[in-house]
Amino acid sequence: MRKCVCDTQNIEGLSHWYEKGLFLLKENSIIKKKLYMAERLYIFDTTLRDGEQVPGCQLNTVEKIEVAKAIESLGVDVIEAGFPISSPGDFKSVEEISKAVSLPVICALTRSVQKDIDVAFDALKYAKLKRIHTGIGTSDYHIQYKFNSNQEEIMQRAVAAVKYAKRYVEDVEFYCEDAGRTDNVYLARIVEAVIKAGATVVNIPDTTGYCLPTEYAEKINFLMENVNGIHNAIISTHCHNDLGMATANTMAGIMSGARQVEVTINGIGERAGNTALEEIVMTLRSHKELGVDTNINSKNISSVSRIVSNLMNMPIQANKAIVGRNAFAHSSGIHQDGVLKNIKTYEIIDPKDVGIDDNSIELTARSGRAALKYHLQSLGIELSQEKLDKVYEGFLKVADSKKYVTDDDLLMLAGKDRVDTHRIKLDYLYVTSGVGVDPKATIGLDIAGEKFEAESSGDGPVDAAINALKKIVNKKMVLQEFLIQAITKGSDDVGKVHMRVEYNGNVYSGFAANTDIVAASVSAYIDALNKFPD
């Protein structure tokens with residue numbers, strides 16, 4: 001990979017350049033007078049700014065702090081905490097995040113307006129590491145229609161904004177909004193001007209998600225080869241997913257010399273979203289030959305993904321790369337057979353590397369005998385080949401009719417029905433709920449032949465019922481996932497509930513189906529409990 005090289009007359013400010021991703025090459029104890037761009041990629045997380053702009057995903061300050069701390073646990077380099085001038089709430093959130101988070105740089109967004117920059121600095125006053133992110137639209141569309149201006153005037157405003165921000169902080173990032181549709185020659189001129197004015201990072205956003213990967217790579221390459229002083233700043237990517245190419249464009253930028261990427265958890269963001277943090281991190285981990293990596297603790301990816309999804313009320317699509325429920329699930333018989341023989345046949349990432357306990361061999365009508373045998377063995381059942389063939393015939397009939405086959409179905413097919421041997425059984429469930437009524441639930445359980453009853457309230461009927469259950473089963477359990485799906489259509493829908501419950505560091509899945517979604521939810525929770533080792 002091509003490295004950016006320049007000669008320098010001295011090594012003054014070495015620590016400053018090291019922090020900006022540059023280091024001095026030492027050879028034979030002699031400090032060579034050359035500066036090289038490091039092969040570490042800086043992660044700029046904008047979940048709380050660009051990601052939070054999605055309609056219906058707004059967070060209050062307390063929730064933003066929780067997300068910020070989760071993102072900090074990943075090891076990101078920069079957190080863009082908000083746009084302080086936009087509202088008093090955003091100002092307060094940036095201020096409070098600055099107090100709560102200490103390791104990453106805290107960044108505040110502004111326009112190329114002095115008042116914006118003043119307010120941003122005020123919001124950042126408690127941050128240990130501060131960055132002001134200012135910028136302006138540079139494409140003809142923005143210059144003509146948004147600003148009713150011209151290229152020279154935009155250039156002057158850009159330089160003035162950087163110089164004004166430098167009065168407050170050393171670390172100033174400049175964004176060329178809609179750089180994806182900006183003429184490369186003009187873009188190079190404005191990038192050179194803002195670096196000369198003191199910008200330490202220059203952001204090249206594909207704001208509309210317009211670029212093809214080849215176009216975006218050519219744009220970054222053009223800047224690396226034609227901007228005087230390009231080595232004095234880090235070039236950053238910021239790609240949107242309007243055409244589904246945000247990750248591809250970001251990778252093209254990295255391979256062309258960009259060393260900061262602006263990303264969000266789960267790829268959330270305006271319109272079709274932003275580049276997903278997890279996709280870039282794991283792409284680089286999977287392609288070590290690129291010689292670029294991040295400081296991200298990938299084992300926290302799955303948990304942080306769930307936190308963002310839950311707080312922002314944005315369910316993760318099942319087939320979402322890296323963090324989707326089906327990202328490590330296999331249902332095809334050919335795939336299942338291959339994975340059971342050697343996981344590398346169909347998986348390029350170890351699920352444990354992103355904080356997922358294991359892959360999932362799902363039983364469907366497309367599953368083969370290998371998957372059926374694997375599941376039966378996990379239930380402690382060993383069958384001869386002849387018996388397995390007979391059970392497999394019955395399994396296919398059940399799979400065709402039910403679409404999802406449970407452990408109890410398998411035990412029944414194998415002649416070892418465990419319904420009557422469940423340690424925990426639901427005796428009864430009474431729920432009161434409605435408009436103007438506080439939800440309450442009374443539950444009766446049979447645990448190994450002993451009867452228990454408890455009553456509790458909650459935020460809704462399901463929450464009340466689960467709270468009552470937890471009073472009886474007094475264990476430190478965490479509900480990690482709660483998914484409801486309709487199986488049939490109409491007012492008498494059968495709802496299928498899937499739950500994942502964490503206990504003693506392990507995760508157990510529970511399933512149930514019922515026309516009463518509260519009863520299905522409790523039954524699914526109990527199904528998970530019955531899989532606990534004690």
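**Notes on the model**

1. Phe482 is partly exposed, with a relative accessible area of 35% (buried means under 20%, exposed over 50%, and partly exposed in between, with a 1.4 Å probe and protein chains only). Phe482 belongs to strand E17, residues 477-486, and together with Leu479 and Ile484 makes a nonpolar surface patch of about 240 Å².

2. The model is predicted, so that local features need pLDDT of at least 70 and side-chain atom pairs count only at pLDDT 80 or more, while totals for chains, interfaces and linings use all residues. Residues are numbered from 1 along each chain as its sequence is written, and side-chain values use heavy atoms, with hydrogens and water left out.

3. An open sheet is formed by three strands in the order E14-E15-E16, with antiparallel pairing (two strands pair if DSSP finds at least two bridges between them). Its edge strands, each pairing on one side only, are E14 (424-434) and E16 (450-457), and the twist from one strand to the next averages 10°.

4. Within this sheet, E14 and strand E15 (residues 437-447) pair in the antiparallel sense over nine bridges, and Gly434 stands opposite Val437 in E15. Helix H17 (residues 517-529) lies across E14 and E15, running at about 145° to E14 (angles run from 0 to 180 degrees between N-to-C directions).

5. Ser305, placed in helix H11 (residues 301-311), is buried, with a relative accessible area of 2%. Not counting residues up to four places away in sequence, Ser305 touches Ile265, Asn266, Ile316 and Val323, where contact means heavy atoms within 4.5 Å.

Definitions and conventions. Helices (H or I, at least four residues) and strands (E, at least two) are DSSP runs, numbered from the N terminus. Patches are made of residues with over 30% relative accessible area and no salt bridge: like charges are joined within 9 Å, nonpolar side chains (Val, Leu, Ile, Met, Phe, Trp, Tyr) within 5 Å. Accessible areas come from the Shrake-Rupley method with a 1.4 Å probe; for residues, only the protein chains shown count as cover. A salt bridge is a side-chain nitrogen of Lys or Arg within 4 Å of a carboxyl oxygen of Asp or Glu.
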